[in-house]
Amino acid sequence: MPDDAPPLAGRHAIVTGGGRGIGLAVAEALASRGAVVTLMGRNENVLQTQAAELSLRFQVDVAHERVDVTDGALIEAAFQSAAARFGPAAILVNNAGIARAAPFPKTDQKFWREVIDTDLTGAFLCIGQVIAKMAASDYGRIVNIASTAGLSGYPYIAAYCAAKHGLIGLTRALAREYARTPVTVNAVCPGYTDTDIVSGAVAGISAKTGRATEAALAELIAHNPQGRLIQPSEVAETVAWLCLPSSASITGQSILVAGGELM
């Protein structure tokens with residue numbers, strides 16, 4: 001590899017939920033550092049468009065696979081297809097997730113399972129597709145996109161908090177289990193971020209309370225001492241840093257990107 005090569009040149013990175021928001025920003029950050037990227041998600045048209053744009057913009061190979069992370073068979077097929085195209089994954093970013101709010105008495109088993117299956121079991125299934133090969137190779141980076149909700153509690157999102165706490169527990173367990181291999185496993189924990197999920201939360205607050213959109217947004221921004229939403233690019237830069245060769249000693253960490261919301 002030439003001395004002036006990008007730090008992730010030739011590394012295959014898989015990003016779930018890669019078609020928009022934080023996932024897309026992560027894909028951009030990894031591609032800009034030379035990684036070849038496979039975007040995974042549920043919307044085929046969005047993935048196809050974003051893959052083409054990233055490839056053209058960064059002059060690296062970018063492909064896509066349609067997958068629902070709650071479906072183990074689809075995950076296996078998508079990861080096999082991605083590996084056949086670009087080789088085994090050296091980087092996995094588990095970003096796919098949903099955020100749903102309800103008072104606990106209205107959180108029935110179906111609601112609970114949908115959140116847990118997407119936000120926690122989906123990451124478990126994706127990691128299962130790559131970690132053994134990473135451990136047997138010379139490189140492996142797994143980054144799980146958790147949340148401040150994985151380190152604290154918030155009302156009306158019990159299922160989401162439980163899933164993100166579980167994701168951080170999974171991160172820590174695997175970091176210890178694979179500490180003597182080339183694999184690092186970390187979590188990044190954003191606060192309220194300028195994404196479609198937060199836009200939906202703002203709309204939901206506004207609809208339920210009758211408050212103006214601006215007032216509903218202000219309620220969420222109030223959690224951040226900096227008085228703003230986190231930008232997806234800020235989360236992505238933290239993820240990309242964890243994926244670098246120079247971050248080999250950083251594992252088992254839950255890194256907050258939240259403007260001081262938690263410390």
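Predicted model: local features only at pLDDT ≥ 70, side-chain atom pairs only at ≥ 80, totals over all residues.
Entry 1: I looked up Q59 and found it in the loop between α2 (44–58) and β3 (62–66). Its phi is near 60 degrees, which is a positive value in a residue other than glycine. Is Q59 buried or exposed? I applied the cut-off for exposed, over 50% relative accessible area. Q59 counts as exposed because its relative accessibility is 63%.

Entry 2: I then turned to Y156, which lies in the loop between β5 (140–145) and α5 (158–177). Y156 is not a glycine, yet its phi is positive, at about 75 degrees.

**Entry 3: the whole chain.** I listed eight helices and seven strands in the chain. How does the radius of gyration fit a compact globule, and what values are involved? For 263 residues, a compact globule would have a value near 18 Å; the chain has 18 Å, so the two agree. Along the principal axes, the C-alpha atoms fill a box of roughly 55 × 35 × 35 Å.

Entry 4: Among contacts with a separation of 6 or more, 71% join residues 24 or more positions apart. The chain exposes about 12,300 Å², and carbon and sulfur atoms supply 53% of that area.

**Entry 5: charges.** I looked up 20 positive and 23 negative charges in the chain, and their mean positions are 5 Å apart.

Notes: Residues numbered from 1 in each chain as written. Heavy atoms only, no water. Helix = DSSP H or I, 4+ residues; strand = E, 2+ residues; numbered from the N terminus. Rg over C-alpha atoms; globule rule 2.2 N^0.38 Å. Contact = heavy atoms within 4.5 Å. Areas by Shrake-Rupley, 256 points an atom, 1.4 Å probe, with all protein chains shown as cover. Lys, Arg positive; Asp, Glu negative; His and termini not counted. Charge placed at Lys NZ, Arg CZ, Asp CG, Glu CD. Buried < 20%, exposed > 50% of the residue type's maximum accessible area, 1.4 Å probe, protein only.
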